[in-house]
Amino acid sequence: DMAALNSGSLNYLKATSRGVWAWPPMMFDNPVEKVETMLTAMRERAIIPECECFDTGIVRSLAMYEAVGLLNPRSYSASFVMGVASGMPADPKWLPLLLKELPQEALWQTIAIGRQDTTWPLLRRTAELGGNVRTGLEDTMYLPDGRRADTSGQLIEALVTVVREVGREPCTPAEARMML
């Protein structure tokens, strides 16, 4: 039904407290030609692109992809991937600014990367603003209380609690397909 689409390039960097690289610097290399190839393959298979945006320039590129016909308006979901050291910070205050860059009716979500002190406030604010949320061990290993999660299921249960605390109800798979 849906597939991730890295929608732009990013230097993927992280420095340690000792002033050295945590890993060798690398590039998430996603030039427009690659994005176009992926979008064509998704369109041929009736797959909805989940446009992963690691930085603000990538968010802004979605409108340009629409303008040149690569993306069909309202037929994709924008994902703000926040918390990668060289990308957007996992700061809830950024959400209103990022939302200004999307069409008002756009589907969007936040993917919060990092520890519990940043990820959970960001996911809560996303739910409050009407966005979609996701979690799993790929994104964070920590539950809201700081304990390490053993499974993605534990993180999802905690996220369901957050979503309900802000007055929303998680979608069923059938409801999610209807939204898309």
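Guide: Let's start with a term we need throughout: a residue is buried under 20% relative accessible area, exposed over 50%, and partly exposed in between (1.4 Å probe, protein chains only). This is a predicted model, where local features need pLDDT of at least 70 and side-chain atom pairs count only at pLDDT 80 or more, while totals for chains, interfaces and linings use all residues. Residues are numbered from 1 along each chain as its sequence is written, and side-chain values use heavy atoms, leaving out hydrogens and water.

Visitor: How many bridges join β5 to β6?

Guide: Find residues 77–82 for β5 and residues 107–112 for β6; these two strands run parallel. One of the paired positions is V81, whose bridge partner in β6 is I111. The number of bridges joining the two strands is 6.

Visitor: Is V81 buried or exposed?

Guide: V81 belongs to strand β5. Counting heavy atoms within 4.5 Å as a contact, and leaving aside neighbours within four places in sequence, V81 is in contact with E52, C53, F54, M88, I111 and I113. Its relative accessible area is 3%, so V81 is buried.

Visitor: What distance separates the C-alpha atoms of V81 and F54?

Guide: F54 is one of the residues that V81 contacts. Along the chain, these two are 27 residues apart.

Visitor: How many salt bridges does a search of the whole structure find?

Guide: Look for a side-chain nitrogen of Lys or Arg within 4 Å of a carboxyl oxygen of Asp or Glu, which is what a salt bridge is. Among those in this model is a network that links R134, E138 and D139. For the whole structure, the search gives 11.

Visitor: Which residue forms a salt bridge with R74?

Guide: R74 is exposed, because its relative accessibility is 58%. It sits in the loop between α2 and β5, and its partner lies in the loop between α3 (95–99) and β6, so the pair ties together parts that are 31 residues apart in sequence. The closest N and O atoms are 2.9 Å apart, and the partner is E105.

Visitor: How far apart in sequence are the parts tied together by E165 and R124?

Guide: E165 and R124 form a salt bridge whose closest N and O atoms are 2.5 Å apart. E165 is exposed at 52% relative accessible area, whereas R124 is partly exposed at 29%. Because E165 lies in helix α5 (residues 152–165) and R124 in helix α4 (residues 116–128), the pair ties together parts whose separation in sequence is 41 residues.

Visitor: In which helix do R125 and E128 both lie?

Guide: R125 and E128 form a salt bridge, with the closest N and O atoms 3.1 Å apart. Both residues are partly exposed: R125 has a relative accessible area of 30%, and E128 has 43%. They are 3 residues apart, about one turn of the helix, and that helix is α4.

Visitor: What is the phi of A46?

Guide: Most residues other than glycine have a negative phi. A46 lies in the loop between α1 (32–44) and β4, and at 66% relative accessibility A46 counts as exposed. Although A46 is not a glycine, its phi is positive, at about 55°.

Visitor: And T135, is that residue buried or exposed?

Guide: You will find T135 in the loop between β7 and α5. Not counting residues up to four places away in sequence, T135 touches T140, L155, I156 and L159. With a relative accessible area of 13%, T135 is buried.

Methods. Two strands pair if DSSP finds at least two bridges between them. Helices (H or I, at least four residues) and strands (E, at least two) are DSSP runs, numbered from the N terminus.
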